[in-house]
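Okay, everyone, thanks for coming. Let me put the model up and then walk you through a few parts of it.

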Amino acid sequence: MKILMYSVRDDEQPAIKAWAQRNQATVDTFDQDLSLATVERARGYDGVVIVQHAKIDSDQVYVKLHEYGIKQISLRSAGYDVVDLAAAKANDLLITNVPAYSPRSVAEYALSQTMRLIRNLELFDQRTAQHDFRWGGLMAHEIHTLTIGIIGAGRIGGTAARLFHALGAKVIASDPVQNPELAEFVTYMDQASVLKAADVVTLHTQLLPTTTHLMGAAQFKQMKPTAFLINASRGPVVDTPALVAALKAKEIAGAAIDVIEDEQEFNNRDLTKAKITNPNVLALQAMPNVIFTPHIAFYTNMSVQNMVDISLDDTKGIIETGNAQHPVTE
């Protein structure tokens with residue numbers, strides 16, 4: 001069995017080598033995305049595994065994979081919007097993803113950034129870096145006095161709800177599917193009600209046509225001017241210019257942004273010697289009340305291990321039996 005993995009980082013290599021040894025398989029790696037320019041590398045392999053921010057750039061990629069006898073594309077991520085599902089289906093390619101690589105990784109990120117925001121730690125960091133050691137104007141809040149609003153209470157959002165509840169916060173949520181286990185301590189309501197009541201709004205929804213720009217100008221106006229937004233879901237869930245405008249107008253108090261539209265321009269890249277031209281990134285980074293991180297909420301030891309193992313397990317399953325544990329069914 002020969003598998004090719006695209007866009008492999010150095011930190012994934014130990015898990016890849018361990019999986020290959022356990023399964024007596026050949027797993028080769030490549031550091032670039034799957035695209036029309038790189039699909040030829042898959043010739044002679046039984047399966048491919050990808051993770052990337054940019055969409056597969058041509059329908060011919062799917063055609064060529066089919067011609068090579070490959071029957072799948074396994075994503076080692078939860079999101080699968082980089083794949084054209086119709087083009088994949090037309091070429092008999094089964095798509096799989098890793099829907100729950102580690103819900104705690106992203107949930108813990110949301111909790112940690114909530115704590116930084118409500119304690120004004122990012123502002124104290126900036127003051128002390130300038131040798132200003134005054135406290136004035138930065139009195140913090142204790143989390144058990146706050147209401148946490150969760151938009152999307154699935155695997156990750158539900159895990160976040162449990163963490164916030166364990167610390168004594170009131171937890172409210174908006175989700176079309178209500179989890180009876182969460183309902184024991186989470187109050188479900190519509191999105192507008194969550195936005196109006198929450199001191200912190202944390203987003204944990206999938207990226208779908210119905211969730212693109214789920215948070216826009218109208219939604220920011222519904223939030224308290226003292227409330228914070230956390231987005232560790234997908235970049236296009238938030239209308240970024242609307243977020244910048246809301247922050248400038250002080251319609252919300254601050255934000256922790258881990259994902260953003262057009263993030264493929266810079267994520268996991270060293271741009272210290274380059275000039276960033278994305279106006280939204282520049283605007284957010286210039287704001288003292290914004291914590292901006294490059295899509296690292298998922299980035300933990302457990303997540304990396306699970307993303308490698310689950311995607312390769314699904315690839316092996318399709319090669320050997322035609323079936324996988326985590327098919328994308330849309």
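One thing before I read from the record: UniProt positions are in the numbering used here, feature names are shortened, and annotations may be inferred rather than shown by experiment. With that said, UniProt, in an unreviewed entry, lists residues 4–328 as "domain: D-isomer specific 2-hydroxyacid dehydrogenase catalytic". The end C-alpha atoms of that span are 20 Å apart, and 34% of it is helix and 14% strand. The unreviewed entry also has residues 113–297 as "domain: D-isomer specific 2-hydroxyacid dehydrogenase NAD-binding". There the end C-alpha atoms lie 10 Å apart, with 31% helix and 15% strand.

Now the ground rules. This is a predicted model, so local features need pLDDT of at least 70 and side-chain atom pairs count only at pLDDT 80 or more, while totals for chains, interfaces and linings use all residues. Residues are numbered from 1 along each chain as its sequence is written, and side-chain values use heavy atoms, leaving out hydrogens and water. Helices (H or I, at least four residues) and strands (E, at least two) are DSSP runs, numbered from the N terminus.

On to the sheet. Five strands form an open sheet in the order S2-S1-S3-S4-S5, with parallel pairing; two strands pair if DSSP finds at least two bridges between them. Which strands stand at the edges? Those are S2 (26–29) and S5 (94–96), each with a single partner strand, so one side of each has no neighbour in the sheet. From one strand to the next, the twist averages 20 degrees.

In the parallel pair S3 (residues 47–50) and S4 (residues 72–75), two bridges do the joining, and Val49 sits opposite Ser74 in S4. Keep both in mind for Ser311, in helix H11 (residues 301–321). Is Ser311 buried or exposed? Its relative accessible area is 1%, so Ser311 is buried (under 20% is buried, over 50% exposed, partly exposed in between, with a 1.4 Å probe and protein chains only). Leaving aside residues up to four places away in sequence, Ser311 touches Val49, Ser74, Leu75, Arg76, Val98 and Asn306, where contact means heavy atoms within 4.5 Å.

Last stop, a helix pair. H4 (residues 103–118) and H5 (residues 121–129) pack at about 60 degrees, axes 5 Å apart. Axes are lines fitted to C-alpha atoms, for helices over the stretch in contact, and angles run from 0 to 180 degrees between N-to-C directions. That makes H4 and H5 oblique to each other (under 35 degrees is roughly parallel, over 145 roughly antiparallel, 65 to 115 roughly perpendicular, the rest oblique). Met115, Arg116 and Leu117 in H4 meet Leu121, Glu122 and Asp125 in H5.
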